[in-house]
Amino acid sequence: MLFRSLGHANLGLTLLRQGRYDEAEAEIRRAKDLDASDPEIRLLLAKTFEITDRRDEALGELRDGLGVAPDYAKLLYAVAELLVGDASAEALDERADVLRRLVERSPANVPARLQLVEVTLQRGEATQPCLGSRRRGAGRHRYTNHAAQAATPRGAAGGHVLCPTRLADTARCRPSPSLS
């Protein structure tokens, strides 16, 4: 079954490259029917939908793929990329969620971190009060740039600490030692 599904997927890819989209979709669907757990086949089918201007179907296929392979990086990236032009709150939330999952999976993933900063800025969360970062003796609250902290891994130069209220949904931020 595995080799048959790969054969159909490869034939679908060849047809896709030739611009024969209907035939390509049919072959890729056959491959998916033979091996629904293969995330690469789902990516290929989603790409077919995207090329034929069926963005919602592509997004649905990618979401279904994440149900089968929730930590598959290529699926996460594909969802984030499809949501780039959508400025709705739901799309920004979903894009932030998949980018967080990518960052949690691979903390040194700079492109995912930069995209997460972009989404954070789009959502209007770039500068918000950071509970627990009061300056000593001043009694004034310091504001923390969550977007910048999101792009700086723990222990990196500069003393920034990853803000858990933005990336891990915890209750408090930790103060940045370099700014205290």
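At roughly what angle do the axes of helix α2 (residues 21-34) and helix α3 (residues 39-51) cross, and within what distance do they come? The points below take up this pair after a few words on the model as a whole.

1. Basis of the note. This is a predicted model, in which local features need pLDDT of at least 70, side-chain atom pairs count only at pLDDT 80 or more, and totals for chains, interfaces and linings use all residues. Residues are numbered from 1 along each chain as its sequence is written, and side-chain values use heavy atoms, with hydrogens and water left out.

2. Overall make-up. The protein has nine helices and two strands, and along the sequence these follow the pattern α-α-α-α-α-α-α-β-β-α-α; helices (H or I, at least four residues) and strands (E, at least two) are DSSP runs, numbered from the N terminus. Of the 180 residues, 42% are buried, where buried means under 20% relative accessible area, exposed over 50%, and partly exposed in between (1.4 Å probe, protein chains only). The protein exposes about 9800 Å², of which carbon and sulfur atoms supply 53%. Among contacts between residues at least 6 apart in sequence, 41% join residues at least 24 apart, a contact being heavy atoms within 4.5 Å.

3. Helices α2 and α3. To answer the opening question, the axes of these two helices come within 9 Å and cross at roughly 155°, which makes α2 roughly antiparallel to α3. Angles under 35 degrees count as roughly parallel, over 145 as roughly antiparallel, 65 to 115 as roughly perpendicular and the rest as oblique; they run from 0 to 180 degrees between N-to-C directions, and the axes are lines fitted to C-alpha atoms, for helices over the stretch in contact. On the α2 side, Tyr21, Glu25, Ile28, Arg29, Ala31 and Lys32 meet Ile41, Arg42, Leu44, Leu45, Thr48, Phe49 and Ile51 of α3. The residues of this contact divide into eight nonpolar, one polar and four charged.

4. Helices α5 and α6. Helix α5 (residues 73-82) packs against helix α6 (residues 89-105) at an angle of about 150°, with the axes 9 Å apart, and the two are therefore roughly antiparallel to each other. The contact is made by Ala73, Leu76, Tyr77, Val79 and Ala80 of α5, together with Glu94, Arg95, Val98, Leu99, Arg101, Leu102 and Arg105 of α6.

5. Leu62. This residue is found in helix α4 and is buried, with a relative accessible area of 2%. Leaving aside its neighbours within four places in sequence, Leu62 is in contact with Leu43, Ala46, Leu75, Ala78, Val79 and Leu82. Val79 also takes part in the contact of α5 with α6. The C-alpha atoms of Leu62 and Leu76, 14 residues apart along the chain, are separated by 8.2 Å.

6. Asp53, a point to check. Most residues other than glycine have a negative phi. Asp53, although it is not a glycine, has a positive phi of about 60°. Asp53 lies in the loop between α3 and α4 (55-68), and at 72% relative accessibility it counts as exposed.

7. Asp93. Helix α6 holds Asp93, which at 39% relative accessibility counts as partly exposed. The C-alpha atoms of Asp93 and Arg123, 30 residues apart along the chain, are separated by 8.4 Å.

Key
Ala, Val, Leu, Ile, Met, Phe, Trp, Tyr, Cys and Pro count as nonpolar, Asp, Glu, Lys and Arg as charged, and the others, Gly among them, as polar. Accessible areas come from the Shrake-Rupley method with a 1.4 Å probe; for residues, only the protein chains shown count as cover.
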